[in-house]
Amino acid sequence: MDETPEKIRDYRDLIVWQEAMDIAEAIYVVTRGFPREEMYGMAAQMRRCSASMPANIAEGFGRAQRRPFIQFLRIAQGSLKELETHTMLCGRVGLLTREQAASLEPSYTRLGKRLVSFVRSLEAERE
């Protein structure tokens, strides 16, 4: 697992946090191109759930206890799934081109796998 305790001194050292920040940044960039009427609709929704991912990882880390951290990682995973769904919908209704939507998918998949692996490793350490 990439997230080894001896390397991790701060939540910013976590690969899952770094990747979540990269995704949130990409979402802010791509939603700038949305029509004005979507700024309080889909753009705001996508920005909220993308920003929620690194925020929940950081908050969970800050709790300094394994069980709450795992719960916050799961919340981040839920926000990722929400973002994936919004991205697919935006591709279907033309707010994003299919290419734009498809270009985001690999980062979603990578982060999702990392979050699952990280949670499993933290749960295994607990046993």
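This is a predicted model: local features need pLDDT of at least 70, side-chain atom pairs count only at pLDDT 80 or more; totals for chains, interfaces and linings use all residues.
Biologist: Which residues touch the most other members of the largest nonpolar core?
Modeller: They are Leu14, Ile27, Phe34, Ile57, Leu73, Leu83 and Leu111, in a core of 33 residues. A nonpolar core is a set of buried Ala, Val, Leu, Ile, Met, Phe, Trp, Tyr and Cys residues joined through side-chain atoms within 4.5 Å. Buried means under 20% relative accessible area, exposed over 50%, and partly exposed in between, with a 1.4 Å probe and protein chains only.

Biologist: Which helices supply this core?
Modeller: H1 (15-31), H2 (42-62), H3 (66-93) and H4 (98-126) each supply at least two residues. The largest share, eight residues, comes from H4. Helices are DSSP runs (H or I, at least four residues), numbered from the N terminus.

Biologist: What is Leu83 in contact with, beyond its neighbours in sequence?
Modeller: Setting aside neighbours within four places, Leu83 is in contact (heavy atoms within 4.5 Å) with Ile23, Ile27, Met46, Cys49, Ser50, Met53 and Tyr108.

Biologist: Turning to H2, where does that helix bend?
Modeller: H2 bends by about 30 degrees at Met53, and Pro54 follows within four residues. The bend is the angle between axes fitted to the seven residues ending at a residue and the seven starting there.

Biologist: And what follows H2?
Modeller: Ala64 follows H2, and its phi is positive, near 60 degrees.

Biologist: How many salt bridges are there?
Modeller: The structure holds seven, a salt bridge being a side-chain nitrogen of Lys or Arg within 4 Å of a carboxyl oxygen of Asp or Glu. In one of them, Arg114 pairs with Glu19, the closest N and O atoms being 2.8 Å apart. Arg114 lies in H4 and Glu19 in H1, so the pair ties together parts that are 95 residues apart in sequence.

Biologist: Is Glu19 buried or exposed?
Modeller: Glu19 counts as buried, at 13% relative accessibility, whereas Arg114 is partly exposed at 22%.

Biologist: Which residues are linked in a network with Glu19?
Modeller: Salt bridges link Glu19, Arg110 and Arg114 in a network.

Technical notes
Residues are numbered from 1 along each chain as its sequence is written. Side-chain values use heavy atoms; hydrogens and water are left out.
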